[in-house]
Amino acid sequence: MSDTTNDPMEDWNEMVEEMNDAVADSMEQNMKAQAAFMESWAEAVEGSMPEEDEMAEGFEGYNRAYEVWMDASEKMFERTTDAAQGEDVEPSEVRDIWLQSANEAFKEVMGTSAFAAANGQLVEAMMDMQEEADEVTQDTIQQLGLPTRDDVMEVGERLVELERRQHAVEQKLDEILEEL
């Protein structure tokens, strides 16, 4: 007779291995998220040299964000250990740990004056790009022989001026008619 049931120790080892893989994957994703976060943060402040105080505050914000990530890693390790010891740990709890820590970490960095300055520069650069794109669009429209925004605005201004003059003429005519 062959034994078709798995050895409980094998089942345990398989479960622990799967949990270890899950923890390793979570840690890897955590590190990737941190790297992506730092990369985007670095890009946001790239090209600007904030004041020393802003820079120090920016680094403090990053350090606080890093502490939040590390706390989440500890919580994740604790919950994984609890699951390995037989406690029922919902996957949503693990997800919530990472979501809450991501929100807190972003809040720590985004609340710094360095981030605000970098964000302001980014918005300014985007507005400049929009203005340049607008100019290119207007030039293209003009080259196609179509009325540009400036042409339409000029026609509108002329219409308003004509209406004003017509109203003045009508008032004078009304005055003349009253005199007659």
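Predicted model: local features only at pLDDT ≥ 70, side-chain atom pairs only at ≥ 80, totals over all residues.

Student: Fine. How many helices and strands are there in the protein?

Tutor: The protein has 5 helices and 0 strands. Read from the N terminus on, the elements go α-α-α-α-α.

Student: And what percentage of the residues count as buried?

Tutor: Of the 180 residues of the protein, 19% count as buried.

Student: OK, on to the core. How many residues does the largest nonpolar core have, and which have the most contacts inside it?

Tutor: The largest nonpolar core has 13 residues, and the ones with the most contacts inside it are Trp69, Val94, Trp98 and Ala105. Helix H2 (52-84) and helix H3 (91-110) are the elements that give two or more residues to this core.

Student: Which element gives the largest share?

Tutor: That's H3, with 6 residues. As background, nonpolar side chains in soluble globular proteins tend to be buried together.

Student: Switching to charges. How many salt bridges does the count come to?

Tutor: The count comes to 8 salt bridges.

Student: What's the N to O distance for Arg79 and Asp82?

Tutor: Their side chains meet in a salt bridge at 2.6 Å, N to O. Both residues lie in helix H2, 3 residues apart, or about one turn of the helix.

Student: And Arg79 with Glu93, what's the distance there?

Tutor: The side chains of Arg79 and Glu93 meet in a salt bridge at 2.5 Å, N to O. That pair links distant parts of the chain, with Arg79 in helix H2 and Glu93 in helix H3, 14 residues apart.

Student: Is Arg79 buried or exposed?

Tutor: Arg79 is buried, because its relative accessible area is 14% and buried means under 20%.

Student: Let's move to helix H5. Which residue forms a salt bridge with Arg164?

Tutor: Glu161 does, and the closest N and O atoms are 2.4 Å apart.

Student: Why are Arg164 and Glu161 separated by about one helical turn?

Tutor: Because they're 3 residues apart in helix H5. As for cover, Arg164 is partly exposed with a relative accessible area of 49%, and Glu161 counts as partly exposed at 29% relative accessibility.

Student: New topic, the surface. Which residues gather in the patch of negative charge?

Tutor: Asp7, Glu10, Asp11, Glu14, Glu17, Glu18, Asp21 and Asp25 gather in that surface patch. Asp21, for one, is found in helix H1 (residues 8-45).

Student: How does Asp21 count for accessibility?

Tutor: At 43% relative accessibility, Asp21 counts as partly exposed.

Student: And which residues make the nonpolar surface patch?

Tutor: Val169, Leu173, Ile176, Leu177 and Leu180 make it, and the patch covers about 570 Å². Leu173 is found in helix H5 (residues 149-179) and counts as partly exposed, at 47% relative accessibility.

Student: Last one, what's up with Ala116, and which helix does it lie in?

Tutor: Ala116 lies in helix H4 (residues 113-143). At 48% relative accessibility, Ala116 counts as partly exposed.

Student: What separates its C-alpha from that of Gly58?

Tutor: The two C-alpha atoms are separated by 9.8 Å, with Ala116 and Gly58 sitting 58 residues apart along the chain.

Terms used: Residues numbered from 1 in each chain as written. Heavy atoms only, no water. Patch = residues over 30% accessible without salt bridge, like charges linked within 9 Å, V, L, I, M, F, W, Y side chains within 5 Å. Areas by Shrake-Rupley, 256 points an atom, 1.4 Å probe, with all protein chains shown as cover. Salt bridge = Lys/Arg side-chain N within 4 Å of Asp/Glu carboxyl O. Lys, Arg positive; Asp, Glu negative; His and termini not counted. Charge placed at Lys NZ, Arg CZ, Asp CG, Glu CD. Helix = DSSP H or I, 4+ residues; strand = E, 2+ residues; numbered from the N terminus. Buried < 20%, exposed > 50% of the residue type's maximum accessible area, 1.4 Å probe, protein only. Core = buried A, V, L, I, M, F, W, Y, C linked by side-chain atoms within 4.5 Å.
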